[in-house]
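Trainee: I've got a model open and would like to talk through it with you. Can we go over it piece by piece?

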Amino acid sequence: MNKLLFIGLLFVQQLSFAAEVNIYSARKEALIKPLLDHFNKETGIAVNIVTGKADTLLKRLEVEGRNTPADLLLTVDVARLIRAKEKGLFQQIDSELLNKIIPENYRDDDKQWFGLSLRSRVIIYAPDRVNEGDLDSYIDLADKKWANRICVRSSSNVYNQSLVAAMIANYGLEKAERWATGLVGNFARPPKGGDRDQIKAVAAGVCDVALVNNYYLAGMLESSQKSEVVAANKIKLFWPNQDGRGAHMNVSGAGVLKPAKHKKEAIQLLEFLVSDYAQQWYADTNHEYSINPEIESGSVLKSWGKFKADDLNLSLLGKHNTDAVLLMDRVGWK
Ligand code: FE
């Protein structure tokens with residue numbers, strides 16, 4: 001073969017291998033990087049990731065408009081996915097595979113965002129000061145018996161906003177507000193810190209009960225920091241609402257952006273993220289629940305047993321987000 005032609009062919013081949021996909025991620029890089037590396041190894045598609053706070057990324061996408069280099073937005077709460085949809089940032093994606101694997105209530109009706117992993121906001125408690133039999137539901141946490149005994153992080157946290165939005169969706173605004181008033185009245189201290197800090201506060205006796213996402217407790221149980229393991233072992237998890245609608249669920253998820261220049265690769269990545277390999281990784285490493293019921297949970301999650309999950313359509317959490325934020329402000333949830 002002519003040498004020049006050979007070099008030319010090599011160049012063309014390299015170009016066709018230069019496939020890439022660009023992600024804006026509100027999920028910390030460490031919590032997804034090994035998966036992205038695996039995807040890169042399998043497909044040869046390079047993955048570039050920019051991480052930041054969800055609201056900052058949404059602003060950035062709006063400013064960049066059609067010139068954004070991003071193909072995919074990844075978040076850790078459904079409310080932000082819905083906000084992105086409302087801002088017109090996503091495009092509709094028709095993927096048989098995504099529709100088959102992801103249950104209907106964990107993906108957008110208009111096929112604009114898709115849940116990729118599940119987390120539950122659970123009650124944790126100090127078993128030396130709380131009888132398991134005294135715990136029941138989220139609603140019950142407004143009961144006077146919990147006065148000065150509850151720790152929760154602030155109302156600016158989107159996990160709390162989504163929980164309150166679910167309470168509005170399930171019980172109506174009035175009952176949800178009565179509940180939140182009682183709950184805030186039972187706080188042991190003004191909200192501060194993240195979910196891990198609430199777990200530490202219960203372990204330290206600052207409060208007896210807290211609301212946290214399940215994976216924080218699991219992460220502390222398997223932490224490399226001894227103090228976290230010690231604190232987490234003083235705590236037990238309680239599944240709320242098991243006689244009612246089930247425990248409140250949320251998703252981490254993603255959507256393909258309207259101006260995506262690598263749409264095909266972005267869809268390929270989404271489909272990889274719901275594969276058995278990726279879902280098993282979420283369960284084993286991130287201590288989240290798989291959106292695919294056929295995937296087995298990791299050992300810590302397994303030790304908490306099977307539970308009833310609220311099957312509320314998560315789109316409703318976005319619909320009620322503003323009402324939730326206003327409600328929390330009215331009842332003095334700092
Ligand atoms: Fe989190």
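Trainee: Are Tyr 159 and Tyr 216 buried or exposed?

Mentor: Keep in mind that this is a predicted model, where local features need pLDDT of at least 70, side-chain atom pairs count only at pLDDT 80 or more, and totals for chains, interfaces and linings use all residues. Residues are numbered from 1 along each chain as its sequence is written, and side-chain values use heavy atoms, with hydrogens and water left out. Buried means under 20% relative accessible area, exposed over 50%, partly exposed in between (1.4 Å probe, protein chains only). By that rule, both Tyr 159 and Tyr 216 are buried.

Trainee: Which residues are the protein donors of the iron ion?

Mentor: Donors are N, O and S atoms within 2.8 Å of the metal (3.2 Å for Na, K and Ca), and water is not among the atoms, so sites may look incomplete. Here the donor atoms are OH atoms lying 2.0 to 2.1 Å from the iron ion, and they belong to Tyr 159, Tyr 215 and Tyr 216.

Trainee: Which backbone nitrogen does the side chain of Gln 279 reach?

Mentor: Gln 279 is buried, with a relative accessible area of 0%. Its side chain reaches the backbone oxygen of Leu 116 at 2.7 Å. At 3.1 Å, that side chain also reaches the backbone nitrogen of Ile 291.

Trainee: What is the torsion about the S-S bond of Cys 151 and Cys 207?

Mentor: A disulfide (cysteine sulfur atoms within 2.5 Å) joins Cys 151 to Cys 207, S to S 2.0 Å. The disulfide is left-handed, because the torsion about that bond is about -100 degrees.

Methods. A polar contact is a pair of N or O atoms within 3.5 Å; within protein, one must be able to donate a hydrogen and the other to accept it, and residues adjacent in sequence count only if both atoms are side-chain atoms.
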